[in-house]
Amino acid sequence: QVQLVESGGGSVQAGGSLRLSCAASGYTYSSRVMGWFRQAPGKDRRGVACIYTTGLTYYADSVKGRFTISQDNAKNTVYLEMNSLKPEDTAMYYCALRETKYGAAWYVPQDYAYWGQGTQVTVSS
């Protein structure tokens with residue numbers, strides 16, 4: 001059984017930082033993509049960043065230069081370091097997992113087979 005367990009959310013003031021973690025277990029993909037998505041109330045779930053098994057990363061334009069995704073393959077854990085946080089970063093953040101499919105866009109939520117429970121990030125002005 002595949003499990004994704006997120007942690008690290010919380011409340012910070014604008015300009016602050018948070019680090020999210022997502023520990024994955026139970027999957028058998030030899031090559032996978034792990035993505036971070038976020039969803040604000042009343043809005044669609046959107047891709048924030050992703051990382052491939054190889055270490056290749058992609059970011060949404062809105063977080064480039066502020067967020068960094070990384071992984072520890074030995075621990076099957078992916079991290080999202082979020083700096084210079086803005087109120088518009090407030091959302092529920094989810095990690096997600098799918099098998100690598102080259103040519104497929106990384107930011108399409110429907111392509112991900114497994115999801116964590118989400119962790120809330122709130123940024124106050």
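Q: What kind of model is it?
A: This is a predicted model.

Q: OK, salt bridges. How many does the structure hold?
A: The structure holds 4 salt bridges.

Q: Which residue does R19 pair with?
A: R19 bridges to E81, with the closest N and O atoms 3.8 Å apart. That pair joins distant parts of the chain. R19 is in strand β3 (residues 18-25) and E81 is in strand β8 (residues 77-82). They are 62 residues apart.

Q: How accessible are R19 and E81?
A: R19 has 45% relative accessibility, so it counts as partly exposed. E81 is at 30% relative accessibility, so it counts as partly exposed.

Q: And R38, what does it form a salt bridge with?
A: R38 pairs with D89, and the closest N and O atoms are 2.9 Å apart. Here too the pair links distant parts of the chain, 51 residues apart. R38 belongs to strand β4 (residues 32-39), while D89 sits in the loop between β8 and β9 (91-99).

Q: Are R38 and D89 buried or exposed?
A: Both R38 and D89 are buried.

Q: Which residues are in a network of salt bridges?
A: R38, R66 and D89 are linked in one.

Q: What about K64? Where does its salt bridge go?
A: K64 meets D61, at 3.1 Å from N to O. K64 is exposed, and D61 is exposed as well.

Q: Switching to pockets. What volume does the largest pocket have?
A: The volume of the largest pocket is about 270 Å³.

Q: How many residues line the largest pocket, and which lie nearest its centre?
A: The lining has 15 residues. R38, D44, R46, G47 and S62 lie nearest the centre. So R38 turns up again: the salt-bridge partner of D89 is also in this lining, given that lining residues have an atom within 4 Å of a pocket point.

Q: Which strands each supply at least two residues of that lining?
A: β4 and β5 (46-52) each do.

Q: What's the lining of the largest pocket like by class?
A: It has 5 nonpolar, 4 polar and 6 charged residues.

Q: Now the rings. How many aromatic pairs are there?
A: The count comes to 8 aromatic pairs. Take F37 and Y112: their ring centres are 5.0 Å apart and their planes are at 75 degrees, so the pair is edge-to-face. F37 is in strand β4, and Y112 is in the loop between β9 and β10 (114-115). They are 75 residues apart and link distant parts of the chain.

Q: Are F37 and Y112 buried or exposed?
A: Both F37 and Y112 are buried.

Q: And what about Y52 and Y58, how do they pair?
A: Y52 and Y58 form an edge-to-face pair, 6.1 Å centre to centre with 70 degrees between the planes. Y52 counts as buried, at 6% relative accessibility. Y58 is partly exposed, with a relative accessible area of 37%.

Q: Why is Y52 buried but Y58 partly exposed?
A: Buried means under 20% relative accessible area. Y52 is at 6%, whereas Y58 is at 37%.

Q: Which rings make up a cluster?
A: Ring pairs link F37, Y94, Y112 and W115 into a cluster.

Q: Last one. Which charged residues lie over W115 and Y112?
A: R45 lies over the face of W115, 4.8 Å from the ring centre. R98 lies over the face of Y112, at 5.3 Å from the ring centre.

How values were computed:
Residues numbered from 1 in each chain as written. Predicted model: local features only at pLDDT ≥ 70, side-chain atom pairs only at ≥ 80, totals over all residues. Heavy atoms only, no water. Salt bridge = Lys/Arg side-chain N within 4 Å of Asp/Glu carboxyl O. Helix = DSSP H or I, 4+ residues; strand = E, 2+ residues; numbered from the N terminus. Buried < 20%, exposed > 50% of the residue type's maximum accessible area, 1.4 Å probe, protein only. 1 Å grid on protein atoms, 1.4 Å probe; cavity = no way out; pocket = protein on both sides within 12 Å on 5 of 7 lines; lining within 4 Å. Points joined across faces, edges and corners; volume = space filled by probe spheres on them. Nonpolar A, V, L, I, M, F, W, Y, C, P; charged D, E, K, R; others polar. Phe/Tyr/Trp six-rings, centres within 6.5 Å; stacked < 30°, edge-to-face > 60°. Lys NZ or Arg CZ within 6 Å of the ring centre and 35° of its normal.
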